[in-house]
Amino acid sequence: MENYGINGHQQLFDYITEYRNKGLKYDLKKKLFGQQVAAKVILKAVTGFMNNINPKKPLVLSLHGWTGTGKNFASQLIAENIYQKGMTSNFVHLFTATAHFPHEAHINKYKTQLLEWIRGNVSICPRSMFIFDEMDKMHPGLIDSIKPYLDFYNNLDGVSYRQAIFIFLSNAGGEKIVQVALDFWKLGKERFQIHLKHLETALSLSVFNNKNSGLWHTSLIDKNLVDYFVPFLPLEYKHIIQCGWSEMARKGHVPNKKVVIKMARDLNYFPKEERVFSLQGCKTISSRLDFYI
Ligand SMILES: Nc1ncnc2c1ncn2[C@@H]1O[C@H](COP(=O)(O)OP(=O)(O)OP(=O)(O)O)[C@@H](O)[C@H]1O
Ligand SMILES: [Mg+2]
């Protein structure tokens, strides 16, 4: 862990920016494509929490959905509107289950390290953010061990976790979300007509019912420690075009319609016949574009 020295606090404030409510709203609207349901929940949850000077518990968000639909990307947008340095801030911590906690045999070591890491960092900066990627691949025992931090405690061993933000990312429930989106499409309804209420039940049930999911094994859910379940919809062709367009610009090219269309058409979609939803979302676009440029 980094040593902030005598001027630690001074340094601390250099890193944290004022929460940019308008910035987050703008980013979610302009940069995150096709996720109107997730955008709305995230904005409401984060703004409510950041404006609350005395939250009773840390903010816990659980982001769910098909691959490449923007879960990591949305976490990045949240981080960028809270911390000047965004994901590279010293106060943002990203854990990936398979990379950081790969061996079940070492679970006790991971537990100690993880708890120490969270405690140490929150005592330096109460407004710390912890992102757990591949939450569905995380050992249930490890999830269980962080539970006290997510709960309504004044403080634990002299450290208060109430200003902290925990974000869980997983594909759990992704198939159920896809099913809802497919049903809407089959009925000829528009995507914007899909609201949280259509996805909420499917999501919570599938997370519960999936016995392979670490989330299911723990009491994270029945103890109501997760404040918001955030569903990410599968992306359509038009969103792939949007991703391609912004990715080309990000790579320093003048976005080219022909190139983006060619790239988007070559991707795989499902159902096979109708080609409605992108199989890999926007995930492979960055590397694929290099082939077409
Ligand atoms: N909805 C979206 N709007 C804009 N860009 C997106 C969106 N979804 C994905 N992308 C782009 O694709 C990249 C990969 O997406 P991301 O890593 O956020 O997917 P994910 O949902 O976390 O997928 P996985 O479940 O496989 O981890 C992002 O960095 C971003 O550039
Ligand atoms: Mg991801």
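In which helix is Leu203 found? In this predicted model, Leu203 belongs to helix 9, which spans residues 196–209. The protein chain as a whole contains 13 helices and 7 strands, and buried residues account for 36% of its 293 residues.

Leu203 is one residue that counts as buried, because it has 23 C-beta neighbours inside 10 Å, and 20 or more are required. Apart from neighbours within four places in sequence, Leu203 is in contact with His64, Gly173, Lys176, Ile177, Phe229 and Pro231. Of these, Lys176 is 27 residues from Leu203 in sequence, yet the two C-alpha atoms are 6.6 Å apart in space. Across the protein chain, 79% of the contacts between residues at least 6 apart in sequence join residues at least 24 apart.

Helix 7, residues 140–150, has the buried residues Leu142, Ile143, Ile146, Tyr149 and Leu150. Viewed down the axis of helix 7, these residues fall within an arc of 95°, and therefore they line one face of the helix. In general, an α-helix has 3.6 residues a turn, so residues three or four places apart point the same way.

Glu134 is found in the loop between strand 3 (129–133) and helix 7, and its phi is near 55°, a positive value in a residue other than glycine. Asp157 lies in the loop between helix 7 and strand 4 (165–170); its phi is likewise positive, near 50°. Glu134 counts as partly exposed because it has 18 C-beta neighbours inside 10 Å, whereas Asp157, with 6, counts as exposed.

Finally, a cis peptide bond joins Phe270 and Pro271, with omega about -10°. Pro271 lies in the loop between strand 6 (269–270) and strand 7 (277–278).

Note on methods
Residues numbered from 1 in each chain as written. Chains lettered and ligands numbered in written order. Predicted model: local features only at pLDDT ≥ 70, side-chain atom pairs only at ≥ 80, totals over all residues. Buried ≥ 20, exposed ≤ 12 C-beta atoms within 10 Å, placed from the backbone. Helix = DSSP H or I, 4+ residues; strand = E, 2+ residues; numbered from the N terminus. Arc of directions from axis to C-beta. Contact = placed C-beta atoms within 7 Å.
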